[in-house]
Amino acid sequence: MNDAAGTHDESSSNTWKWIVLLLSVLYIAGSLYFLFDLRTRVTALSSDQEASKQQLADLTKRVQSESAKADAQSEALARKIGLTKKELVSRAAQLQTEQKEAEARLAEEQKQQIGQVNGEVANVKTDVGGVKTDVASTKADLEATRAKLDSTIGDLGLQSGLIAKTRDDLEALKHKGDRNYYEFSLIKGAKSQPVATVSLALKKTDPKRGKFTLDVTSDDKTIEKKDRNVAEPIQFYSGRDRMLYELVVWSVDKKKATGYLSTPKGAPVPITTGF
């Protein structure tokens, strides 16, 4: 039973690691696809720019050709339209200026578009790096939480599950979801207190030595757990199916003991927990 619990615990931890890894891979794959798409856009813009340059070059050749023809025909044209040669030259210069201004505007627009795409590529690289950092941080947190919890041999000589030594440790165990956990505080000399489907009564405490004695009542039978240690798994069987219950006391003083009871997932659940 305890080997199965250990295997289940390891399987659960591995499952979380695989889930985190899978999500990271999917995010990175999507980011790389987006990066590839942006690079394609940059390439397309570069191609368009080269085509525009070629068109401008062709237009320049045509203008130069037309200018040469204009020079040859300027006198005749001037006579026909009533303009002097000087006025024709001035008009041609104006057309050339407008052409250069159009070229400058086109080059500036393409430069801005390429800069915007490069900025988006840089942002994607930053996001990918952030995901890698988050994955590493999450993995470190999981390992740190697991390192705080110990597994040891209970008083029945059986391997216990993970043991919580503080309330924070107990919250971590609850989130794992492997077993049911019921926290309790027992007053020395008080009547038996119901916890889950059993009852507990604190009989004696020895704070200096970290020891205590309590009675466990289960299935109409009372078992004395004498001179037990703080953080020691106390084990007993309960229920028709003889399920292994464990309780751990993590602190004792002159009048009180505080800890929790752990039961298997398939164990009966009380209507009220009694703590």
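Two strands are said to pair if DSSP finds at least two bridges between them. Helices (H or I, at least four residues) and strands (E, at least two) are themselves DSSP runs, numbered from the N terminus. The structure described here is a predicted model, in which local features need pLDDT of at least 70 and side-chain atom pairs count only at pLDDT 80 or more, whereas totals for chains, interfaces and linings use all residues. Residues are numbered from 1 along each chain as its sequence is written, and side-chain values use heavy atoms, with hydrogens and water left out.

**Overall make-up**

- The protein has three helices and ten strands, and from the N terminus on these elements run in the order α-α-β-β-α-β-β-β-β-β-β-β-β.
- Of the 275 residues in the protein, 29% are buried, where buried means under 20% relative accessible area, exposed means over 50%, and partly exposed lies in between (1.4 Å probe, protein chains only).
- The accessible surface, computed by the Shrake-Rupley method with a 1.4 Å probe, comes to about 17800 Å², and 55% of this belongs to carbon and sulfur atoms.
- A contact means heavy atoms within 4.5 Å, and among contacts between residues at least 6 apart in sequence, 52% join residues at least 24 apart.

**Two hairpins**

- Strand 4 (residues 193-195) pairs with strand 5 in the antiparallel sense over three bridges, and within this pairing Val195 stands opposite Val198 in strand 5.
- The hairpin of strand 4 and strand 5 has two residues between the strands, and Ala196 takes a positive phi near 55° there.
- Strand 5 also pairs with strand 6 in the antiparallel sense, over seven bridges, and Ser199 has Thr217 in strand 6 as its bridge partner.
- Four residues lie between strand 5 and strand 6 in the hairpin that they form, and Gly210 in the turn has a positive phi of about 65°.

- Four strands make up an open sheet in the order 3-10-9-8, with antiparallel pairing.
- Strand 3 (180-187) and strand 8 (234-238) are the edge strands of this sheet, each pairing on one side only, and the twist averages 25° from one strand to the next.
- Strand 9 (residues 243-252) and strand 10 (residues 256-263) are joined by six bridges in the antiparallel sense, and Leu247 stands opposite Leu261 in strand 10.
- Helix 3 (residues 167-176) packs on the sheet, where it touches strand 3, strand 9 and strand 10, and its direction makes about 155° with that of strand 3; for such angles, axes are lines fitted to C-alpha atoms (for helices over the stretch in contact), and the values run from 0 to 180 degrees between N-to-C directions.

**Nonpolar cores**

- In soluble globular proteins, nonpolar side chains tend to be buried together.
- A nonpolar core is a set of buried Ala, Val, Leu, Ile, Met, Phe, Trp, Tyr and Cys residues joined through side-chain atoms within 4.5 Å.
- The largest such core has 21 residues, and Leu200, Leu214, Leu247, Val249 and Leu261 are those with the most contacts inside it.
- At least two residues of this core are supplied by each of strand 3, strand 5 (198-206), strand 6 (211-218), strand 8, strand 9 and strand 10, and the largest share, five residues, comes from strand 9.
- A second, separate core of nine residues includes Leu162, Ile163, Leu170 and Trp250.

**Aromatic pairs**

- Rings of Phe, Tyr and Trp (its six-membered ring) pair if their centres lie within 6.5 Å, and planes under 30 degrees apart count as stacked, over 60 as edge-to-face and the rest as tilted; by this rule the count comes to three aromatic pairs.
- Phe236 and Tyr245 form a tilted pair, 5.6 Å centre to centre with 45° between the planes; Phe236 is buried, with a relative accessible area of 2%, and Tyr245 is buried too, with 1%.
- Trp250 and Tyr260 form another tilted pair, 5.9 Å centre to centre with 40° between the planes, and both residues are buried.
- Tyr181, Trp250 and Tyr260 form one aromatic cluster.

- Glu232, placed in the loop between strand 7 (221-229) and strand 8, counts as buried because its relative accessible area is 16%.
- Leaving aside neighbours within four places in sequence, Glu232 is in contact with Asp155, Leu247 and Val248.
- Thr263 lies in strand 10 and counts as buried because its relative accessible area is 1%.
- Not counting residues up to four places away in sequence, Thr263 touches Arg179, Asn180, Tyr182 and Tyr245.
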